[in-house]
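Student: Hey, I've got a structure open and I'd like to walk through it with you. Can we take it bit by bit?
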Amino acid sequence: MSKEPIPASAYDMDHAEEVEERRTLAVLVDNEPGVLGRVVGLFSARGYNIESLTVAEVDRGKHRSRITIVTTGTAHMLEQIEAQLLRLVPVAAVIDITKSKRGIERELALVKVAGKGDPRVEALRIAEIFRAHVIDTTNESFIFELTGASEKIDQFCELMEPLGLVEVSRTGVLSIRRGKDAG
Amino acid sequence: MDTHTLSDQTQSSLDGARMTGAEMVITALREQGVDTMFGYPGGAVLPIYDALYSEPSIQHILVRHEQGAGHAAEGYARSTGKCGVALATSGPGATNMVTPITDAMMDSIPMVVITGQVPTHLIGTDAFQECDTVGITRCCAKHNYLVTDVDDLARTLHEAFLIATSGRPGPVVIDIPKDVQFATGTYVGKAGVHKPTYQPKTEPSDHAIRDALDMMATARRPVFYTGGGVINSGTEASKLLRELQEATGFPVTSTLMGLGAFPASHEDWLGMVGMHGAYEANNAMHDCDLMICVGARFDDRVTGKISAFSPGSRKIHIDIDPSSINKIIRVDVPVIADCKAALRALLEGWKARRLPKPDLSDWKEQIDKWRAVDCFAYPENDGAIRPQYAVERLYELTKGRDTYISTEVGQHQMWAAQHYHFEEPNRWMTSGGLGTMGYGLPAAVGIQAAHRDSLVIDIAGEASVQMVMQEVSTAVQHKLPIKVFILNNEWMGMVRQWQELLHGERYSHSYSESLPDFVKLAEAYGAHGIRCDDPAELDAKIMEMIDHDGPVIFDCMVEKAENCLPMIPSGAPHNEMILGKISGDEIDEAGRKMV
Ligand SMILES: Cc1ncc(C[n+]2csc(CCOP(=O)(O)OP(=O)(O)O)c2C)c(N)n1
Ligand SMILES: [Mg+2]
């Protein structure tokens with residue numbers, strides 16, 4: 001296969017040599033039946049990645065839902081993802097949170113840790129540092145509730161691993177932009 | 001108001017009227033100006049069929065297979081510029097419709113498909129003839145709906161027409177459970193219907209037009225590369241294309257889907273571009289310094305090897321769909337707009353700048369050299385009829401008439417594109433993006449239903465046409481005098497050609513075994529059958545076909561081993577066309593893996 005760099009194309013091009021970037025996209029949609037299916041179906045049909053996905057209705061009156069998708073791809077692919085999303089009839093807007101300087105991303109995690117003695121004390125101490133709340137406790141376990149950037153949650157889980165990490169439940173990434181304006 | 005006859009109401013007075021879901025379907029179709037629809041009944045659409053029973057203003061063409069209804073609606077749409085409408089029952093009726101829906105999606109054909117669904121309380125229970133129609137068609141339709149409340153039905157129907165016909169057109173599916181068809185609700189007229197999240201951009205931005213004009217003003221080797229978008233944009237777009245060409249003198253090529261937008265008799269017409277396109281068109285695309293893509297999408301059948309695609313040119317891309325921009329080929333100036341709006345802006349801008357017609361004599365001299373290769377030349381008939389000759393005669397004998405051509409898929413399709421010539425848009429109906437064998441015959445039914453007095457010919461292959469043969473019965477029933485002109489080479493010729501090219505002449509399962517006697521078959525359907533295997537008799541028999549007042553199956557026995565040339569082998573660039581003969585080693589390893 002040829003190695004000529006331009007023109008860029010979907011065919012016949014060695015995508016392996018291109019750098020992949022991670023992007024967080026906020027997709028504002030009409031909350032009609034099947035809308036999530038359309039978005040997810042688009043990603044699988046066109047071979048795009050989904051690393052994380054969250055969705056909930058955010059405006060009852062307007063029937064608006066907000067889907068936050070974390071994806072990876074080459075610059076060309078990311079450009080296509082945005083354009084293809086906008087082609088879907090119920091999609092009102094796509095906001096590139098990563099590219100926007102004002103983007104904020106947060107995740108919520110519920111983390112179950114079981115243990116006794118020193119590891120249990122250590123787990124509690126680390127949880128305090130991470131400002132995690134204890135939302136359930138037994139003699140042998142805690143459930144921590146933690147919010148923050150995804151990396152912070154990764155790090156928390158890593159530290160809990162040797163202390164008796166049992167189970168993790170995460171929301172996936174939520175996003176919004178700073179400042180007074182919407183969208 | 002509970003009782004009324006739909007026909008004696010004016011549409012506006014129906015806004016707010018109470019009626020059943022089934023009546024809403026018919027009322028909305030009438031309000032949308034639908035005069036013809038194609039369908040097939042079944043349990044889940046009986047209420048709609050019942051409402052249709054007393055409806056004189058809509059012609060319903062009963063097909064023999066739902067796929068036929070879908071393709072007929074496509075043919076109707078493409079030949080009229082209006083929205084096609086198809087109706088099918090739940091389950092198998094809906095799944096039979098999947099191919100035409102996908103076909104219409106790929107070729108951007110406006111179509112509304114209405115399917116029946118099991119009653120809402122049975123959805124999800126694997127009820128008799130239940131299938132997840134919206135799930136199945138989600139990825140192959142432009143949009144789709146399952147309507148569970150009769151009060152949403154009228155709005156949904158109007159919204160479906162809006163979406164199918166605006167922006168980049170496409171198929172929209174409305175799945176209506178049977179209880180919703182029976183339920184009574186409130187009708188709303190189309191006037192109040194809009195979709196806030198759906199706002200296709202149709203007017204070009206000024207700066208894009210300015211940049212495009214800057215490039216056009218200085219181009220020395222320009223080419224217009226036009227596509228189906230020009231046809232979809234309406235006859236006005238074709239007219240503006242001709243005017244812009246007149247003002248600039250730039251040569252024009254077109255994709256398979258765009259044939260007819262520019263007249264084939266024009267001296268600056270290059271012929272079709274692409275895998276089986278004209279040598280002069282492909283070389284002009286390769287060597288141009290400015291490519292103006294109007295309503296085309298750099299399909300792989302057009303570009304050939306991407307990394308070697310038109311390496312020295314700057315590119316302007318006019319497209320209504322922003323996702324088409326930079327999808328396959330990076331362009332210098334994207335113009336996101338409806339073709340006619342962009343063409344009008346370019347024409348006005350060109351005139352406002354008082355730009356003279358540029359001197360393109362060197363470029364045109366070069367083009368004439370490529371033309372002189374005479375890439376579509378073929379050997380004389382030696383005994384058997386050459387398929388190219390058959391299309392050529394068909395063209396010569398029908399060109400002065402009011403003619404519409406549809407095709408199936410295969411070699412015959414490409415020969416039709418190469419040897420039949422179009423002066424007007426909307427005269428050429430073929431399955432481009434999906435390449436659906438079995439498109440042409442039902443499409444011809446749809447075209448003829450819209451143009452009762454015109455000559456409608458399906459240029460067919462003997463293999464393709466057997467996929468939809470039963471629609472001859474539809475044509476007979478509805479007195480649609482279509483002509484099915486079969487180039488019968490007793491092979492799935494295009495498959496045979498690729499096996500010759502790629503698989504060392506191992507013709508695995510590509511011979512058309514046990515062919516029916518097409519003449520007797522025609523007679524069995526109550527149509528007229530004609531067979532011809534002698535070049536000397538061809539003209540007279542074509543005239544017999546044209547003059548016959550009713551459907552005809554014409555079995556044109558042609559040279560069996562003819563290959564469709566010229567050809568850009570997959571994986572090769574535009575300037576490496578195979579012209580005369582296939583040797584078997586044209587395609588390298590990378591190319592073999594492509595389609
Ligand atoms: C529904 C469908 N199935 C399979 C194919 C693959 N295919 C493309 S051309 C072709 C052969 C067509 O044979 P025929 O209709 O006789 O046309 P010819 O090439 O001989 O002119 C086949 C099988 C297709 N395009 N569509
Ligand atoms: Mg054949």
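Student: Okay, in chain B, how many bridges pair strand β19 with β20(B), and in which sense, parallel or antiparallel?

Tutor: Quick heads-up before anything else: this is a predicted model. Strand β19 (residues 528–532) of chain B pairs with β20(B) in the parallel sense, over five bridges.

Student: Which residue in β20(B) is the bridge partner of B:R531?

Tutor: That's B:D555.

Student: And what kind of unit do β19(B), helix α23 and β20(B) make?

Tutor: They make a right-handed β-α-β unit, with helix α23 covering residues 535–547 of chain B.

Student: Which strand sits on the other bridges to β20(B), the six parallel ones?

Tutor: That would be strand β18 (residues 483–488) of chain B, which runs parallel to β20(B) and is joined to it by six bridges. For a spot to look at, find B:K483, which stands opposite B:V552 in β20(B).

Student: Why is strand β20 of chain B said to be largely enclosed by the rest of the structure?

Tutor: Strand β20 covers residues 552–557 of chain B, and five of its six residues are buried, so the strand is largely enclosed by the rest of the structure.

Student: Let's jump to the start of the chain. For strand β2 of chain B, which residues are on each face, and are they buried or exposed?

Tutor: B:T36 and B:F38 are on one side, B:M37 and B:G39 are on the other, and all of them are buried. Both faces of that strand (residues 36–39) are covered.

Student: Which strands does β2(B) pair with?

Tutor: One is strand β3 (residues 59–62) of chain B, in the parallel sense over four bridges. In that pairing, B:M37 has B:H60 as its bridge partner. Another is strand β4 (residues 84–88) of chain B, again in the parallel sense but over two bridges. There, B:G39 stands opposite B:L87.

Student: What about a helix? Which one goes with β2(B) and β3(B) in a β-α-β unit?

Tutor: Helix α2 (residues 46–53) of chain B, and the unit is right-handed.

Student: Zooming out, how many helices and strands does chain B have?

Tutor: Chain B has 24 helices and 20 strands. Its radius of gyration is 25 Å, close to the 25 Å that the globule rule gives for 595 residues, so chain B is as compact as a globular protein of that length. The C-alpha atoms fill a box of roughly 75 × 60 × 45 Å along the principal axes, and buried residues make up 61% of the 595 residues.

Student: New topic: how many salt bridges are there over all chains?

Tutor: A search of the whole structure finds 38. Side chains of opposite charge can pair when their charged atoms come close.

Student: Can you show me some in chain B?

Tutor: B:R344 forms a salt bridge with B:E236, with the closest N and O atoms 3.5 Å apart. That pair links distant parts of the chain, since B:R344 is in helix α14 (residues 339–352) and B:E236 is in helix α11 (residues 235–248), 108 residues apart. Then there's B:D539 with B:R393, whose closest N and O atoms are 2.8 Å apart. B:D539 is in helix α23 and B:R393 is in helix α16 (residues 387–398), 146 residues apart.

Student: Is B:D539 buried, exposed or in between, and what's the number?

Tutor: B:D539 is partly exposed, with a relative accessible area of 25%.

Student: Which residues are joined into one network by salt bridges that share partners?

Tutor: A:D30, A:E32, A:R64, B:R155, B:E159 and B:K195.

Student: Over to chain A, then. Which residue does A:E51 meet in a salt bridge?

Tutor: A:R22, at 2.5 Å from N to O. A:E51 is in the loop between α1 (35–45) and β2 of chain A, A:R22 is in strand β1 (residues 21–30), and they are 29 residues apart. A:R22 counts as exposed at 52% relative accessibility, while A:E51 is partly exposed at 43%.

Student: What does β2(A) join up with?

Tutor: Seven bridges join β2(A) to strand β3 (residues 64–73) of chain A, and the two run antiparallel. They form a hairpin with four residues between them, and A:H63 in the turn has a positive phi of about 55 degrees.

Student: Last one: which residues make the nonpolar surface patch?

Tutor: A:L36, A:V40, A:I50 and A:V55 make a patch of about 260 Å². A:V55 is in strand β2 (residues 52–59) of chain A and counts as partly exposed at 41% relative accessibility.

Notes
Residues numbered from 1 in each chain as written. Chains lettered and ligands numbered in written order. Predicted model: local features only at pLDDT ≥ 70, side-chain atom pairs only at ≥ 80, totals over all residues. Heavy atoms only, no water. Patch = residues over 30% accessible without salt bridge, like charges linked within 9 Å, V, L, I, M, F, W, Y side chains within 5 Å. Areas by Shrake-Rupley, 256 points an atom, 1.4 Å probe, with all protein chains shown as cover. Salt bridge = Lys/Arg side-chain N within 4 Å of Asp/Glu carboxyl O. Buried < 20%, exposed > 50% of the residue type's maximum accessible area, 1.4 Å probe, protein only. Pairing = 2+ DSSP bridges. Right-handed = clockwise from strand over helix to strand, strands pointing away. Rg over C-alpha atoms; globule rule 2.2 N^0.38 Å.
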